[in-house]
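Good morning, and thank you for making the time.

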Amino acid sequence: MARIGFIGLGNMGLPMARNLLAAGHAVTGYDLGTRAREAAAAAGITIRPSVGDAVRDAETVLTMLPEGRHVRGVYLDQEGILARVPSGALLIDCSTIDVDSARAVAAAATARGMAMVDAPVSGGVAGAAAASLTFMVGGPEAAFTRAEPVLRAMGKAVVHAGAAGAGQAAKICNNMMLGIQMISVCEAMVLARRLGLAPEKLFEIAAKASGQCWSLTSYCPVPGPVPTSPANRGYQPGFAAAMMLKDLRLAQEAAQSVGAATPLGAEAYQLYALFNAQGNEGLDFSAIIHMIGGTSV
Ligand code: NAD
């Protein structure tokens with residue numbers, strides 16, 4: 001059992017913190033939002049009045065925040081985590097952010113003699129609630145070894161991706177593949193229908209052929225073939241189109257920073273930007289099939 005300070009108790013952070021409590025850890029926390037603080041307190045998390053207070057006696061700190069700028073602020077501000085956490089604490093950032101911010105914060109932590117990993121997740125809110133997340137971890141081996149048992153209380157898989165920032169790199173690359181593959185499945189389903197081939201038939205065939213991928217067989221964007229996919233519940237997320245757009249933007253920024261050519265990633269980013277701009281931010285990302293097919297959700 002460890003004393004854990006948890007910053008960012010939103011849609012993902014709260015269920016993750018609940019699982020840490022269930023594993024026997026003592027969790028103190030802070031969130032900017034009143035409702036998030038109230039929900040966390042109701043779940044048994046000890047809410048303190050600021051970031052610094054929430055981590056002042058923590059052995060391990062977890063953060064689950066929206067963007068790189070929030071992570072930089074929470075760690076690097078004058079009254080932030082690095083200034084207030086006891087030396088020797090382990091720092092784990094589970095947010096999905098840009099690689100540069102992840103590396104900058106890790107370098108600042110290392111300069112103060114602290115161990116830090118970036119550990120973004122795959123699995124969404126349902127995975128967070130069920131403690132079945134996949135963690136992609138970047139940081140030194142010794143820090144990974146310390147982080148692994150804490151992360152195991154919230155996930156089913158914990159993979160050491162490499163040095164600082166490698167967890168974010170893995171997450172961004174994975175979700176770029178996901179976005180591109182979802183669009184490819186949507187295009188094929190729309191084309192099949194126009195050619196007089198039932199989408200269910202295409203599913204049956206492609207699921208056993210070389211078009212097979214997760215977006216088809218686990219998350220099919222047409223209702224029917226995969227009963228658990230959001231297509232069967234009015235495209236309620238799941239994984240919101242706004243989140244997919246964020247991850248594709250991070251992938252484009254990362255690609256530009258190293259001069260990597262990602263033409264399909266760029267196209268996927270543009271298509272999801274258009275889909276979001278049409279007011280679909282809150283729908284599941286698989287609902288883009290309607291924009292591609294020219295139909296309404
Ligand atoms: P969220 O907006 O529900 O939660 C973020 C929380 O951080 C909010 O409650 C907000 O008030 C709090 N916050 C922001 N700035 C803060 C600060 N300075 N101090 C304290 N609290 C602060 O978002 P979420 O869905 O929980 O996502 C969190 C991260 O997880 C994001 O980086 C997201 O990309 C990633 N992620 C989300 C999902 C998902 O399905 N929701 C899946 C995988 C990864």
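A residue is called buried when its relative accessible area is under 20%. Asn175 has a relative accessible area of 4%, and it is therefore buried. Please keep in mind throughout that this is a predicted model.

Let me set out the protein as a whole before returning to that residue. The protein contains 14 helices and 9 strands. Its radius of gyration is 20 Å, close to the 19 Å that the globule rule gives for 297 residues, so the protein is as compact as a globular protein of that length. The C-alpha trace spans about 65 × 45 × 35 Å along its principal axes. Of the 297 residues, 50% are buried.

Turning to contacts, consider those between residues at least 6 apart in sequence: 62% of them join residues at least 24 apart. The accessible surface comes to about 13100 Å², and carbon and sulfur atoms account for 57% of that surface. As to charge, there are 22 positive and 22 negative side chains, and the centres of the two sets are 4 Å apart.

I now return to Asn175, which lies in helix H9, residues 166-194. Which side chains form polar contacts with that of Asn175? One is the side chain of Asn174, at 3.0 Å. Another is that of Asp247, at 2.6 Å. Setting aside neighbours within four places in sequence, Asn175 is in contact with Phe239, Met244, Asp247 and Leu248.

Is Asp247 buried or exposed? With a relative accessible area of 3%, Asp247 is buried, because the limit is under 20%. Beyond its neighbours within four places in sequence, Asp247 is in contact with Thr96, Lys171, Ile172, Asn175 and Phe239. The C-alpha atoms of Asp247 and Asp100 are separated by 14 Å, while the two residues are 147 residues apart along the chain.

Finally, I draw your attention to Asp53, which is found in helix H3, residues 51-55. Its side chain makes a polar contact of 3.3 Å with the side chain of Arg56. When residues up to four places away in sequence are not counted, Asp53 touches Arg48 and Arg84.

Thank you for your attention.

Note on methods: Residues numbered from 1 in each chain as written. Predicted model: local features only at pLDDT ≥ 70, side-chain atom pairs only at ≥ 80, totals over all residues. Heavy atoms only, no water. Helix = DSSP H or I, 4+ residues; strand = E, 2+ residues; numbered from the N terminus. Polar contact = N/O pair within 3.5 Å; in protein donor to acceptor, adjacent residues only side chain to side chain. Contact = heavy atoms within 4.5 Å. Rg over C-alpha atoms; globule rule 2.2 N^0.38 Å. Buried < 20%, exposed > 50% of the residue type's maximum accessible area, 1.4 Å probe, protein only. Areas by Shrake-Rupley, 256 points an atom, 1.4 Å probe, with all protein chains shown as cover. Lys, Arg positive; Asp, Glu negative; His and termini not counted. Charge placed at Lys NZ, Arg CZ, Asp CG, Glu CD.
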